[in-house]
Every structure is written in structure tokens, then in C-alpha cells.
Amino acid sequence: MSKSAELIRRREKVVCRGVGRMSDFTVARASGATLTDADGREYIDFAGGIGVMNVGHCDPEVVAAIREQVGILMHASIHVATYEPYVALCEKLVELLPHGGETKAMLVNSGAEAVENAMKIARQATGRAGVICYTGGFHGRTLLANTLTSKVTYKVGCGPSAPEVYRLRFPVGQGRTPDAEAQAVTQELARLRETLRNTVAPGDVAAIIIELIQGEGGFHVAPVAYMKGLREICDQHGIVLIIDEVQTGFARTGRWAAHELYGIKPDLSTWAKSMGGGLPISAVVGKASIMDRASPGTLGGTFGGNPVACAGALATIRRMESLGLNARAETCGALIRERFNAIAARVPHVSDVRGLGAMMAIEFCEDGDETRPASALVKSIVTTCRDNGLLVIVAGLDGNVIRVLAPIVISDEDLRRGLSILEAAVLLHAGKTAVPS
Ligand SMILES: Cc1ncc(COP(=O)(O)O)c(C=O)c1O
């Protein structure tokens, strides 16, 4: 039995099934954009531990900062004693992510916790309970975050869900003609106004939470015009606009924040994943006038903003700055988009290529018909990629979208090699219908 097979056998025996397993892939160590499995086989990483490793695996400067902090202070709890790395990280976050006027931040451990805390802040600031979210949205697996999450397989049998959650249709943008997109924007903003008349009164809505590019939902990109309209409606009714940047943040789209590409500012925003360079840390950042409405003691937790995680995040951000990772994300994204478009031109099963910066995806439907997601085809492509040394993961309600969340430090050579493996797998499985190049 291989070491990988043996490790999975041990996992199956003691780890419960609810902790989902996407594949029989194992990992023993990683560096940059390369993973090595339990049997010593190397893979190009297009998954980044689900969008966490923008700065690359085990970046030497990040590792050094973590090692140093481990020898100084591992834990104190910010509720008990104030320590420098927590304050320094919040200073850095408010510098990088100004929300208009004075900005403040708070730290927790995961994306879901950031979302839960953002909701607590919005509810205390408005004195309202209602929350509006979107189809296809993913915000985590804790009770409220799971309720805000759309795909039912994440929550089947987990009820009762949290109350006062209302769901709107996500305004699908890219991939349509400009006219069709403008029409969709008008229609979905009208739907929101209608919802505020016939489903929940604006005076009962604390917050609207949205991802600008839906991560788990399949990399659908919200149109800029929709977000401008949403900002206006929130302003009109005193509703807190929360942008969930957990997957889009920290250079993935070529910006610190995806909302920089939209010309609007949220009231609150949530951050996690690549901010910590691999350590579990997350943040809520927001307008001080809203953030400070939460009463002392209602936010945070024992480990939130742990000193080691803060040191890792600070080093990660410093490294992203010195490597110019935002610019690099744009270069990677252009390369990926070009290759995906070339595949789309040859393979009729490709129904869309979409994303922003280095957050790119390619969607497969039978003969390009969006009503027939090609989930089985995508599964075969992903398996063949794995067999050929590329780890890639899927997204979307039907698992028919292949997404790229590769470490942004990936070399051009590895990126091209990974894309070639992916292209070959697509042609192998969709080859009968491919148009010769
Ligand atoms: C947009 C978004 N929000 C929240 C979360 C939840 O983050 P976590 O898994 O760290 O709780 C995720 C995770 O994928 C996400 O993509």
C-alpha cells in the first residue's frame, strides 16, 4: 500500500465523514507553488489550500517571522493583555484597507468567525436583525454563516437555520453582452427594492452581505453597476453593506481588496485566507463609526488575533508588498485568461471563462448549454490533472467550474506547465467535440 493510501486509511478510521474529502490526494510538505505528497510525488498547486497561499507555501520570510514570534509570545488573549503584533496588524489593515473616514479592525481565527462578528457589529450598530444575502454565496460553516451560505449540500440536516436571513438572486455579470448585463443589473436592483417592499422592511434590515466574486459559488463576478446601485440603496436605508473579501482579498484580484476595482467602499468587510500566509487568522475591517457601536465583550474570542498568527500575517503582507504581488496577480490572470479563452475556442463544452486578476475560472456545460452543467466531465478532468501532476479544485453549485487559486508567486514556467496539463486533460475528455487548433 502507498503511503498516501495508508494515510487515507488511517484518516477514514478516526476522522468523521462530515469533514469533507475532495480527493485521495495527500500532502507532506510544500514550497512556493509546489506540493509534495506522502509518497514524495510533486504537484503544481492550483488550489492554494482553497485560496490561502497567495504568498506561496512556506515563504522563508514568513516562516522566519513565525519562528521568531513563537520564541517570544505564543498566546496571551487580547481580552486579557494588549500585545504589539495584534495592534501592529490592525494598524496595517486600516492603512491598506481604508473604509472612508476613520477605519478600525478586529481579529478572529477564520472566515466564518469574521462573518459572524461583522453581523454582530451590524446588528448592534443598527438595532435591526435582518440580513440579506445571495444565491450562490458562501460565508462559512458556523450557524449564521452557514445560513447565509447558499448551496444546500453544505447544510443539509443542520437546521434549524438562523432566523431573519433573506436571500436575493446574485446579479450574474461577466460573460453576458453589455446590454444583457445592464438589463440584469436593472432587474436585480428592482428585485432588491421589491424585496424591501414585500418581504422585509428596510427598517428591519441590519446588513446586506455579498461577495464581489463568488468563491465557492463558481467565480461569478458582480457587475460594477449593481454594486453602485446596492451602495446607494444601503445608504438610503441605513443598511450596513458588508463585502466578504475572504477569498478575493490580499492580491488575488490584483488589488488588496476586490472592491478597489468597483469604485465603492463597504461599511464593513471580512478577511481571512491569504491574509495569514497559512496561519488561521481573520479580520473585520470597517468604518469606526459602525465598528465602535459593538459593546465591549460582544466580539472576539480566546484565540482571536493570536500573536503568532499576527506575526505571520504581518510578514505575509510585508512580503506581498516587497514582491509586488498585486501586479504579479494581473500578469498571472492575463496568462490564465488567454489560455482558457483558447480552450473555449476549441471545446464547445466550455460555457464561460470568467474572473478578475488571478481569480479565474472555466465553466463546463454540455455543448455549452448553461442548463446542463457538465459535472461528470469536470470530475474526470480534475482526476486526469492529478494523475499528471496538477492539483486543481472545482467550484459552483453543480461542481462544473474549474477554478485557479494558485499561489501568486508561481513562476511563469510552472503556471504554463499547469495550464498545459489542464488543457490536455480537457482535450482528452472533451476531445471528441474539440475543434482542431
Ligand atoms: C467568501 C468566503 N467567506 C467566508 C468563508 C469561510 O471561511 P472559513 O472556511 O475560514 O471559515 C469562505 C471560505 O471559503 C469564503 O470563500
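# Cavities, rings and an open sheet

The lining of the largest cavity divides by class into three nonpolar, six polar and two charged residues. In this tally Ala, Val, Leu, Ile, Met, Phe, Trp, Tyr, Cys and Pro are nonpolar, Asp, Glu, Lys and Arg are charged, and the others, Gly among them, are polar. Please keep in mind that this is a predicted model: local features need pLDDT of at least 70, side-chain atom pairs count only at pLDDT 80 or more, and totals for chains, interfaces and linings use all residues. Residues are numbered from 1 along each chain as its sequence is written, and side-chain values use heavy atoms, with hydrogens and water left out.

**Cavities and a pocket**

- Here is how the spaces are found: on a 1 Å grid over the protein atoms alone, a cavity is a set of points where a 1.4 Å probe fits but cannot get out, and a pocket is an open set with protein on both sides within 12 Å along at least five of seven lines; lining residues have an atom within 4 Å of a point.
- Grid points are joined across faces, edges and corners, and a volume is the space filled by probe spheres set on the points.
- Two cavities of 30 Å³ or more are counted.
- The largest cavity holds about 50 Å³ of space, and its lining includes G136, G137, F138, K151, Y154 and E216.
- The second largest cavity has a volume of about 30 Å³, and Y134, G137, H139, F170, I209, I210, E211 and Q214 line it.
- By class, the lining of the second largest cavity has four nonpolar, three polar and one charged.
- V172, R176, H220, E363 and E370 are the closest to the centre of the second largest pocket, out of 31 residues that line it.
- The lining of the second largest pocket has nine nonpolar, 14 polar and eight charged residues.
- Helix α7 (178–198) and strand β11 (350–356) each supply at least two residues of that lining, and α7 gives the most, with five residues.
- Helices (H or I, at least four residues) and strands (E, at least two) are DSSP runs, numbered from the N terminus.

**Aromatic pairs**

- Rings of Phe, Tyr and Trp (its six-membered ring) pair if their centres lie within 6.5 Å; planes under 30 degrees apart count as stacked, over 60 as edge-to-face and the rest as tilted.
- The count by this rule is seven aromatic pairs.
- One of them joins F25 and Y43 edge-to-face, at 4.7 Å centre to centre and 80° between the planes.
- That pair links distant parts of the chain, 18 residues apart: F25 is in the loop between α1 (3–14) and β1, and Y43 is in strand β3.
- F25 is buried, at 17% relative accessibility, and Y43 is buried too, at 4%; buried means under 20% relative accessible area, exposed over 50%, and partly exposed in between (1.4 Å probe, protein chains only).
- F250 and W271 have ring centres 5.5 Å apart and planes at 80°, so this pair is edge-to-face.
- F250 lies in the loop between β8 (240–244) and β9 (268–271) and W271 in strand β9, so the pair ties together parts that are 21 residues apart in sequence.
- Both partners count as buried: F250 at 1% relative accessibility and W271 at 0%.
- Y134, F170 and Y226 form one aromatic cluster.

**The open sheet**

- Four strands form an open sheet with mixed pairing, in the order β1-β2-β3-β13.
- The edge strands, β1 (29–31) and β13 (390–391), each pair on one side only; two strands pair if DSSP finds at least two bridges between them.
- Strands β3 (residues 42–45) and β13 run parallel and are joined by two bridges, and I44 has L390 as its bridge partner in β13.
- G40 sits in the loop between β2 (34–36) and β3 and is partly exposed, with a relative accessible area of 46%.

**Cysteines**

- The structure holds zero disulfides, a disulfide being a pair of cysteine sulfur atoms within 2.5 Å.
- For C234, the closest cysteine sulfur is that of C133 at 13 Å, too far for a bond; C234 is buried, with a relative accessible area of 1%.
- C365 is in no disulfide either, and the nearest cysteine sulfur, in C385, is 18 Å away; C365 counts as buried at 2% relative accessibility.
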